[in-house]
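Hi,

Here is the structure you asked for. Please open it first, then read my notes below.

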Amino acid sequence: MILFVWILAIAMYEMHAYDDPDTPWHYATGLYILSHHMVPTTDPFSWSSKGQPWVTQEWLFEVVFAWLGKHFGFPATWLFQMAIFAGTVFILYHLAIRVSKGNRVMAAFLACIGQFAGIIFWTMRPQIVSYLMFALFLLLIQRVREGAFYVLYWVPLLMLLWANSHGSSTIGIFLLVLEVLVSFLPTVGRFTKTVLPKGARWRLLLAAVAGTLVGLINPNGIKAYTYALLGNDPEMTNNIMEWHSPDFHIWSFKYGVLPFLIIVFLIILMRHKTLPMRDVLYFGGSFAVMLVYQRFLPYVAIASVPLLAQVTSDWFQRLNRPTRLMRFADGILLLVWVVYFLTTVPNVKGPVADHWSQGAYPVGAVNYMEQHHLTTRVLNKYDWGGYLILRGVPTFIDGRTDIYLKNGKFMDYLALQNVWSNAPYLLDEYHFKAILFNSGSSLVTYLTGTGKWKIVYYGRNADVLVPVNTTVPTGGSG
């Protein structure tokens, strides 16, 4: 009941229109690959960097996403997202059952918590495959601890899928190697030594090597592993929100993430049970990385599941033997929830094109730009580049940050967005014919004040500006 209530709740939540800045360009990339029968290695979408090298390390997810959307519409892409979500929940559930020695009720609670804490990052993007794989590797390692070495035969196939779906596949190899290294550490206080079955160490290392080699079978070779090094680029980490440290003034972190962390640490500190050093290091390590890059929050939540399962294994044991009355009550509650869920299913219909949020994307502004042929040499807001790609409008910049970091366009964009001292020079250098930016931004205020630009479209979330000598009618969406 717990698991299905949670999964159906998230299924209803994910019925909303897509609103993540990067989802449109992932979908567009998948459509491009399906149309051209090749994975691009250079940029085909922007006008500022067209032809520049591009590491398309997420092509497999993008192709599946686009193929489903193209042939079966939004219902298929929604089901695809929910399959990954539900798969992760059930993997965490089985992991927690094994660690807690069969406490199914706590395992179900923890599986849900392992997703809830990082739910803001569970958007329709390739990173959700990484969360699934992270949970799956934790389960495989747990099975190895139990002596089930045969599960390691899955590692090469999983690494092949991971390396072609997201740039974080090195995490899988790191987990296998770390398991071996941790097994050499002695017991320290409450942190108990990791004892692996005989022969487990060399098998884990062999699986890591095999997985690494098979993962190289991808269009980008070794770059599928080295892409993660972009996290060391200060230009990106200082200016892209998901690479920032957590801001606990934000509602979701203040009232969601912070209570979760407090509860986890209180449970660990207050319980007098011993703690497996490996699970402490998995959780503590991911927590430390999350304090630097908030985008690692889902890994922290997932890593908390085996640790909490260990220290709460004796909680609610009686609920694992429910009375007939409790079974009846659970059945009624689940039935009511399923019926309510079915009433929302009609929201999942139509083509993917009908499910792009007009509040998140400049839909009306782009319609206006296409109608009046203002789609060349556009200076666009970073967050809207993905939507422009989807609409076939060449971008100045977009969420494929690696391209623009290498050729300096990202810094030029920051100078324009923030109206640095070199902004007037850049405006002349690039000869922009239209500018698509958020209403009331510093750039829009500056440009209208120069007398060289005018606003021709006033939108709810976006303005379109053109040089004053451009003749187009004024429009707007109110």
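The protein has 21 helices and seven strands; helices (H or I, at least four residues) and strands (E, at least two) are DSSP runs, numbered from the N terminus. Its radius of gyration is 25 Å, close to the 23 Å that the globule rule gives for 478 residues, so the protein is as compact as a globular protein of that length. That radius is taken over C-alpha atoms, and the rule is 2.2 Å times the number of residues to the power 0.38.

This is a predicted model: local features need pLDDT of at least 70, side-chain atom pairs count only at pLDDT 80 or more, and totals for chains, interfaces and linings use all residues. Residues are numbered from 1 along each chain as its sequence is written, and side-chain values use heavy atoms, without hydrogens or water.

Now the inside. Buried residues (under 20% relative accessible area, 1.4 Å probe, protein chains only) make up 54% of the 478.

The largest nonpolar core has 124 residues. Such a core is a set of buried Ala, Val, Leu, Ile, Met, Phe, Trp, Tyr and Cys residues joined through side-chain atoms within 4.5 Å. L176 and L436 touch the most other members. Helix 4 (residues 74-99) gives the most to this core, 16 residues. Domain 1 (1-320) and domain 2 (363-476) each supply at least three; the bounds come from an automatic or database domain assignment.

Leaving out residues up to four places away in sequence, L176 touches F137, I141, L152, V155, L204, A207 and A208. Contact means heavy atoms within 4.5 Å.

A second, separate core has 36 residues, including F410 and Y430.

Best wishes

Technical notes: Buried < 20%, exposed > 50% of the residue type's maximum accessible area, 1.4 Å probe, protein only.
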